[in-house]
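Let's take a walk through this model together, starting with a pair of helices and moving on to charged side chains.

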Amino acid sequence: MDIELTSPRSPAPSPVTAPEPHTWWVVTLCAQWCGVCREYRSAFEELAGKWPQVRFEWVDVEDEEELVGSIDVETFPTVLIADGHVARFLGPVPPQAKVLDRMLQGLQSDPAVVADAQAQALFHRIAASRSSSTGLLPAAGRGSLHP
């Protein structure tokens, strides 16, 4: 989107490109050995296709334990949802794409919901670790939606 700016000193308007809106993130914390996670993975990837404007990430809590930090994930799947700047939810969810779909819709319509400090720190670690990643779906044989 272009915005025209004028000032009293410059008679001609100059186009300025507005920043892109922030991207929502949905991060599933799972483990390779978890049967529920393996079953949920295809539904998660299908949901990623439904929400192309949202960044979907898959984090294996054992392969990337330094990223997960001190968060004790006891129930799978555990999901982190962030609006691109702030974590809005962190917790276990039923392994059903419809549940996650409704949660994402609800959180996008209610800016007042904000997760705790531990969720904020986790989101910032994940976002920083994935900052150079591109694409939404995994390459063949990879273990995460974003490597």
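What follows covers a helix packing and then some salt bridges.

This is a predicted model, in which local features need pLDDT of at least 70, side-chain atom pairs count only at pLDDT 80 or more, and totals for chains, interfaces and linings use all residues. Residues are numbered from 1 along each chain as its sequence is written, and side-chain values use heavy atoms, with hydrogens and water left out.

Begin with helix α1 (residues 35-50) and helix α3 (residues 97-109), whose axes lie 9 Å apart at an angle of about 40°. Helices here are DSSP runs of H or I with at least four residues, and axes are lines fitted to C-alpha atoms over the stretch in contact, with angles from 0 to 180 degrees between N-to-C directions. In α1, Tyr40, Ala43, Phe44, Leu47 and Lys50 meet Ala97, Leu100 and Asp101 of α3 (contact means heavy atoms within 4.5 Å).

Two of those residues, Lys50 and Asp101, also form a salt bridge at 2.7 Å, N to O; the term means a side-chain nitrogen of Lys or Arg within 4 Å of a carboxyl oxygen of Asp or Glu. Lys50 lies in α1 and Asp101 in α3, so the pair ties together parts 51 residues apart in sequence. Lys50 is exposed at 52% relative accessibility, whereas Asp101 is buried at 9% (buried is under 20% relative accessible area, exposed over 50%, partly exposed in between, with a 1.4 Å probe and protein chains only).

Arg41 is buried at 14%, while Glu45 is partly exposed at 25%.

Key:
Helices (H or I, at least four residues) and strands (E, at least two) are DSSP runs, numbered from the N terminus.
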